[in-house]
Amino acid sequence: MKRPIILHPDPRLKKTADAVSDLSDELRRLADDMLETMYDAPGIGLAAPQVGQLQRLIVLDCVKEEGEAPRPLIMFNPEIVASSDELNTYEEGCLSIPEQFADVTRSAEVEVRWIDRDGKERSEGMDGLWATCVQHEIDHLDGKLFIDYLKPLKRQLITRKMQKLKRERARA
């Protein structure tokens, strides 16, 4: 089931998400719903706070090549356990901040540990777009948005555009 995506500015996007202590069927359903919502948007990552759930859960699939099989990842309690000193800059966007993009610099490679849908602990090294995406989504779990990396003026400009968009959508 697709879920509505919360738009910035919204206080729920600035809160720290709670650790998942027990994998319930309800949480697995939330993860499945989040994947459906992410693919429909379309996006490559989505964090539970973006659909109003303050749980440490993210989903991502950075496969973008035509004809390549999708690789959806569901991560409960994801954490970065190591990151490279080497940095990468990508133009980032966010489903909670539609049509706004900016360059953000992050670690080029990260080692991520998480619990999968079946309750198994997993770990994987990621680079490129996968590394950027997982860091962006984990930031959401800590109440941080990609615009928080920008200079204040640019951040305020984007926030004002989002306030206008929310007003327009409310009137529609």
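Start at the lining of the largest pocket: by class it has 13 nonpolar, eight polar and six charged residues. Here Ala, Val, Leu, Ile, Met, Phe, Trp, Tyr, Cys and Pro count as nonpolar, Asp, Glu, Lys and Arg as charged, and the others, Gly among them, as polar. What you have open is a predicted model, where local features need pLDDT of at least 70, side-chain atom pairs count only at pLDDT 80 or more, and totals for chains, interfaces and linings use all residues. Residues are numbered from 1 along each chain as its sequence is written, and side-chain values use heavy atoms, with hydrogens and water left out.

Now select G43, I44, G93, C94 and L95: of the 27 lining residues, these lie nearest the centre of the largest pocket. Next, colour β4 (87-94), β5 (97-107) and α2 (128-141), the elements that each give two or more residues to that lining. α2 gives the most, with six residues. The pocket's volume is about 560 Å³. A pocket is an open set of points on a 1 Å grid over the protein atoms alone, where a 1.4 Å probe fits, with protein on both sides within 12 Å along at least five of seven lines; lining residues have an atom within 4 Å of a point. Grid points are joined across faces, edges and corners, and the volume is the space filled by probe spheres set on the points.

Stay on C94, which counts as buried because its relative accessibility is 11%; buried means under 20% relative accessible area (1.4 Å probe, protein chains only). Then pick C133, also buried, at 5%. Which cysteine sulfur is closest to that of C133? It is the one in C62, at 3.8 Å, too far for a bond. A search of the whole structure finds zero disulfides (pairs of cysteine sulfur atoms within 2.5 Å). C94 is in no disulfide either, its nearest cysteine sulfur being that of C133, 10 Å away.

Zoom out and switch to cartoon. Helices (H or I, at least four residues) and strands (E, at least two) are DSSP runs, numbered from the N terminus.

Finally, show the C-alpha trace, which spans about 45 × 40 × 35 Å along its principal axes. Buried residues make up 45% of the 172 residues. Among contacts (heavy atoms within 4.5 Å) between residues at least 6 apart in sequence, 65% join residues at least 24 apart.

Note on methods:
Buried < 20%, exposed > 50% of the residue type's maximum accessible area, 1.4 Å probe, protein only.
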